[in-house]
Amino acid sequence: MQAKTFKGGIHPKDMKEISMDQPIMTLEPGKEMVFLMSQHIGAPAKPLVKKGDPVIIGQMIGEAGGFVSAPVYSSVSGTVKAVEKRKNALGDMVDAVVIENDGLDTESEYTPAKLDALSPEDIIKRIQTAGVVGMGGAGFPTHVKLSPKEPDKIDHILVNGSECEPYLTSDYRCLLENSDELVKGLTCILKIFPKASGIICIEDNKPEAIAKMREAVKGSDRIRVEVMKTKYPEGAERSLIYAVTGREVNSSMLPADAGCIVNNVDTVIAVYEAVIKGRPLMHRIFTVSGDAVANARNYDVRIGMSYADIIEAAGGFQKEPEKIISGGPMMGFSLFGLDVPVTKTSGAITCFIKDPVKESVPSACIKCGRCVRGCPAHLMPCDLSDIAEHGDKEEFAARYGMECVECGSCSYICPAKRPLASNIKAMRRTLLAERRK
Ligand code: SF4
Ligand code: SF4
């Protein structure tokens with residue numbers, strides 16, 4: 001069967017070979033663990049502990065700050081060292097609980113459940129209580145995503161196993177190593193939406209993962225594997241929905257308006273742990289890659305661990321990096337330093353000896369049209385970038401600038417090295433902030 005895809009897109013070198021054959025290794029947590037109270041979209045969590053309090057694994061240390069929010073749990077046992085502001089990956093100072101790990105791993109007791117005994121409401125409640133959020137980067141609370149206005153209209157639950165971002169291989173390893181948990185998590189979600197099919201979407205550059213997942217879904221009449229064409233950004237929510245269903249989603253719609261809910265691989269596994277095991281979200285799978293690291297790896301890391309400890313576990317740097325990115329090179333963002341903790345949404349760190357952006361000198365547009373052909377949102381990035389540079393907000397909105405999904409394809413493909421995506425992104429963020437006010 002032909003691989004499914006969307007219109008537009010680009011073909012960056014995927015560089016997956018650096019880490020894709022590295023099985024997931026569980027990392028020991030650090031001595032000091034930092035739990036940011038804002039690891040999700042929505043109201044930050046409110047700290048429930050104070051300096052000097054003893055804590056154990058699985059203890060709620062931050063309660064949800066509202067419905068669109070999520071609680072935070074300690075992933076280690078020890079003592080609260082401080083409740084103070086700490087730096088997040090973007091360099092902002094945010095509320096955090098700092099815990100001195102005692103190394104004893106004293107853990108809470110959880111309440112497992114059988115799926116047959118749970119109603120859809122019970123399932124959503126268990127996901128909410130466990131603090132599950134979208135772990136692909138967005139951090140949208142999963143219980144909110146699974147509570148659309150018209151649940152009867154949901155006919156597709158998509159699992160985004162595309163992992164189209166270069167260098168990243170954590171989802172790939174999960175598909176290979178945690179296939180049963182993934183199917184169980186998806187089965188939990190399907191119980192909320194009785195009319196929906198579950199579709200696990202995997203790009204055709206991952207034949208082993210496709211075979212493994214096809215084996216895992218054998219016997220299920222509601223779950224299937226769909227093969228996606230290897231193309232960036234295949235895994236972007238709107239691209240994936242279009243590729244699988246042919247339905248278009250724009251910036252004024254939610255995927256649920258097109259009958260779809262999209263979750264990433266790690267999130268669905270976290271749903272399984274929350275619903276069936278009763279275990280809150282306290283760990284995630286994390287890729288370390290790039291030419292500057294001594295050993296590219298995939299790790300199972302506890303949330304709260306510092307990037308510095310992870311890099312050290314990977315053998316440090318073989319050469320001092322000029323650029324360190326939280327995430328992958330296309331959609332990730334540059335880090336100021338490594339004293340940043342892993343959150344529910346941080347999936348990778350990529351470190352480069354040379355910063356290719358620093359070396360590129362923009363020149364005049366040669367009107368080649370590559371950015372237009374590559375844009376998955378069918379925009380004119382060349383024009384939008386100029387409009388953004390001139391600060392013309394009305395024109396930017398009138399030319400559909402808000403439909404940009406910030407994928408970076410236009411900048412990547414531009415032979416004149418124009419900073420198209422960053423100009424468009426900056427204007428888009430300004431307009432979004434104004435609209436929120
Ligand atoms: S960053 Fe925006 S404008 Fe550029 S290709 Fe992606 S969606 Fe299109
Ligand atoms: S890709 Fe670059 S050079 Fe080509 S049309 Fe777009 S902005 Fe101009």
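Reader: Why does K344 count as buried?
Author: A residue is buried if 20 or more other C-beta atoms, placed from the backbone, lie within 10 Å of its own, exposed if 12 or fewer, and partly exposed in between. K344 has 24 C-beta neighbours inside 10 Å, so it counts as buried. The structure is a predicted model, in which local features need pLDDT of at least 70 and side-chain atom pairs count only at pLDDT 80 or more, while totals for chains, interfaces and linings use all residues. Residues are numbered from 1 along each chain as its sequence is written, and chains are lettered from A and ligands numbered from 1 in the order in which they are written.

Reader: Which residues is K344 in contact with, leaving aside its neighbours within four places in sequence?
Author: Contact is a matter of C-beta atoms, placed from the backbone, lying within 7 Å. By that rule K344 is in contact with Q39, H40, V133, M135, G139, L281, R284 and I303. L281 is 63 residues away along the chain, yet the two C-alpha atoms are separated by 7.8 Å. K344 sits in the loop between β16 (333-334) and β17 (348-352); strands here are DSSP E runs of at least two residues and helices are H or I runs of at least four, numbered from the N terminus.

Reader: What makes E100 buried, exposed or partly exposed?
Author: E100 has 15 C-beta neighbours inside 10 Å, and therefore counts as partly exposed. E100 lies in strand β8 (residues 93-101). Apart from residues up to four places away in sequence, E100 touches K31, E32, G78, T79 and K81. M15, by contrast, is 85 residues from E100 in sequence and 37 Å away in space, C-alpha to C-alpha.

Reader: How do you know that the span of α7 agrees with its number of residues?
Author: The expected span is 1.5 Å times one less than the number of residues. For the 13 residues of α7 (residues 265-277) that gives 18 Å, and the end C-alpha atoms are 18 Å apart, so the two agree.

Reader: What is the result of the span check for α4, and how covered is the helix?
Author: The 14 residues of α4 (residues 179-192) should span 20 Å, and the end C-alpha atoms are 21 Å apart, which agrees. α4 is mostly covered, with ten of its 14 residues buried. The buried residues include E181, L182, V183, L186, C188 and I189.

Reader: What makes α3 and α5 a described helix crossing?
Author: Two packed helices are described by the angle and the distance between their axes. The axes of α3 (residues 170-177) and α5 (residues 207-216) come within 8 Å and cross at roughly 35°. The axes are lines fitted to C-alpha atoms over the stretch in contact, and angles run from 0 to 180 degrees between N-to-C directions.

Reader: Which residues meet where α3 and α5 cross?
Author: Y172, L175 and L176 in α3 meet E208, A209, K212 and M213 in α5. By class, five of the residues in this contact are nonpolar, none polar and two charged. Nonpolar covers Ala, Val, Leu, Ile, Met, Phe, Trp, Tyr, Cys and Pro, charged covers Asp, Glu, Lys and Arg, and the others, Gly among them, are polar.

Reader: Which residues are closest to ligand 1, and which to ligand 2?
Author: A residue is near a ligand if its C-beta atom, placed from the backbone, lies within 6 Å of it. Ligand 1 is surrounded by 16 residues, the closest being C375, C404, C407, S409 and C410. α13 (409-413) and α14 (420-436) are the elements that give two or more residues to this shell, and α14 has the largest share, three residues. The shell has twelve nonpolar, three polar and one charged residues. Ligand 2 has 14 residues around it, with C365, C368, C371, C382 and C414 the closest. Ten of the residues around ligand 2 are nonpolar, one is polar and three are charged.

Reader: Why is K367 called exposed?
Author: K367 has 9 other C-beta atoms within 10 Å, so it is exposed. Its phi is near 55°, a positive value in a residue other than glycine.

Methods: Contact = placed C-beta atoms within 7 Å.
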